[in-house]
Amino acid sequence: MKKPVSFLFSMALAISSVAVIHQSASAADEVYECDAIGDGQYIVTIPENASHTAFAVYRLSAEYGGNAEEGTRLELREGEQYIGQGLIFSFHGSNTQLNDLGSNMIVSCYRPAGTQNHGTGALGGNEVVYNGAPAQSLGGKVRGGPGTNFGQIGSLSEGAAVSVIANTGVQFDGYDWFEIRFNGRTGYQWGGIMCSEGTQLPGIYQQCGSYSQSSTSQSSNTGGTWMAFAIGNDGRLGHGAGTNRNQAQEYALQFCGHGSCQIENETQALCHAAAETPGGFWFGAADSKQQAERFALNFCSQAGASCTIRYSFCR
């Protein structure tokens, strides 16, 4: 078989005509490879000189001969959606997906790593080579290139040792993407979910030992120059603020309210936030509540989790 077969139904926004297209991508075109549908996958190309148009080609996997079907022309519509007969290719922030109406499937699409052209595989052009600096992952996805638009090639647990090959020069939300060596393989991980051993590497979250990750009580004491989160084994959370580090820890443990509670995150920033995911918390600290919450959510989501803000506070 090829892709799952069903009747294509029409919709008001769909383009009725299907062009017979054999689109050859140039180096400057945007090319996306989508996850498998049936016995093959779609490859979507957005030409550099005609960004209002995209071309989707369904290609069988090598096991089934690797042949490509006729291409479908997609037109750009409002909301960053390219729409053609039976297909909707769309952007959702940093995520890209293809909706195949005929098979009733929605799959993710990625820029292939083969489009990179720097020696370390980076896109930034200003890489910094470290040749194996020791670091740890705080847990999360390893990708085939420096960005969330690249497919996942592996994952690491919190505290997994990695060697940093290079800072790629590609920045995302205040931290850089790093080329790493892990478990005998090479890949890329975002610096926001990494810590460096020994010397602090620019672009990485912080030095190892000064980060923490891990609900049913929570509260906070206002004022002071330090803040802390405490987490209990049963998922309870407590937050405290004090005039010094010890006082903030004391209040956090008090509001956590259980013998299993331990201090998990501290800051001298103005605002502190905790994002909750099944099995743990990720934290953010910044000069505004919105930014602290955004950092917490980004750290959490980069680890491949579904996240919500559990608690945030500004002193």
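At 31% relative accessibility, does Cys314 count as buried, partly exposed or exposed? With that value, Cys314 counts as partly exposed, where buried means under 20% relative accessible area, exposed over 50%, and partly exposed in between (1.4 Å probe, protein chains only). The structure is a predicted model, in which local features need pLDDT of at least 70 and side-chain atom pairs count only at pLDDT 80 or more, while totals for chains, interfaces and linings use all residues. Residues are numbered from 1 along each chain as its sequence is written, and side-chain values use heavy atoms, with hydrogens and water left out.

A search of the whole structure finds 4 disulfides, a disulfide being a pair of cysteine sulfur atoms within 2.5 Å. One of them joins Cys314 to Cys271, with the sulfur atoms 2.0 Å apart. The torsion about this S-S bond is about 110 degrees, so the disulfide of Cys271 and Cys314 is right-handed. Cys271 lies in strand β18 and Cys314 in strand β20, so the pair ties together parts that are 43 residues apart in sequence. Helices (H or I, at least four residues) and strands (E, at least two) are DSSP runs, numbered from the N terminus. Cys271, at 3% relative accessibility, counts as buried.

A disulfide is also formed by Cys195 and Cys208, whose sulfur atoms are 2.1 Å apart. The torsion about the S-S bond of Cys195 and Cys208 is about 95 degrees, so this disulfide is right-handed. Cys195 is placed in strand β13 (residues 194-196) and Cys208 in the loop between β14 (206-207) and β15, so the pair ties together parts that are 13 residues apart in sequence. Cys195 is buried, with a relative accessible area of 0%. In the disulfide of Cys256 and Cys261, the sulfur atoms are 2.1 Å apart, and the link is left-handed, with -75 degrees about the S-S bond. Cys256 counts as buried at 0% relative accessibility, and Cys261 counts as buried at 9%.

The largest nonpolar core has 20 residues, and those with the most contacts inside it are Leu138, Trp190, Trp282 and Phe299. Such a core is a set of buried Ala, Val, Leu, Ile, Met, Phe, Trp, Tyr and Cys residues joined through side-chain atoms within 4.5 Å. At least two residues of this core come from each of β11 (175-182), β12 (185-190), β18 (271-277), β19 (280-286) and α2 (289-302). The largest share, 5 residues, is supplied by α2. Not counting residues up to four places away in sequence, Trp190 touches Phe172, Asp173, Tyr175, Asp176, Trp177, Asn298, Phe299 and Gln302, where contact means heavy atoms within 4.5 Å. Apart from this core lies another, of 18 residues, among them Tyr42, Ala54, Leu60 and Cys109.

The structure holds 9 aromatic pairs. Rings of Phe, Tyr and Trp (its six-membered ring) pair if their centres lie within 6.5 Å; planes under 30 degrees apart count as stacked, over 60 as edge-to-face and the rest as tilted. The ring centres of Tyr42 and Tyr58 are 5.1 Å apart and the planes are at 65 degrees, so the pair is edge-to-face. Tyr42 belongs to strand β2 (residues 40-46) and Tyr58 to strand β3 (residues 53-60), so the pair ties together parts that are 16 residues apart in sequence. Both Tyr42 and Tyr58 are buried. For Phe229 and Tyr311, the ring centres are 6.2 Å apart and the planes at 85 degrees, so this pair is edge-to-face.
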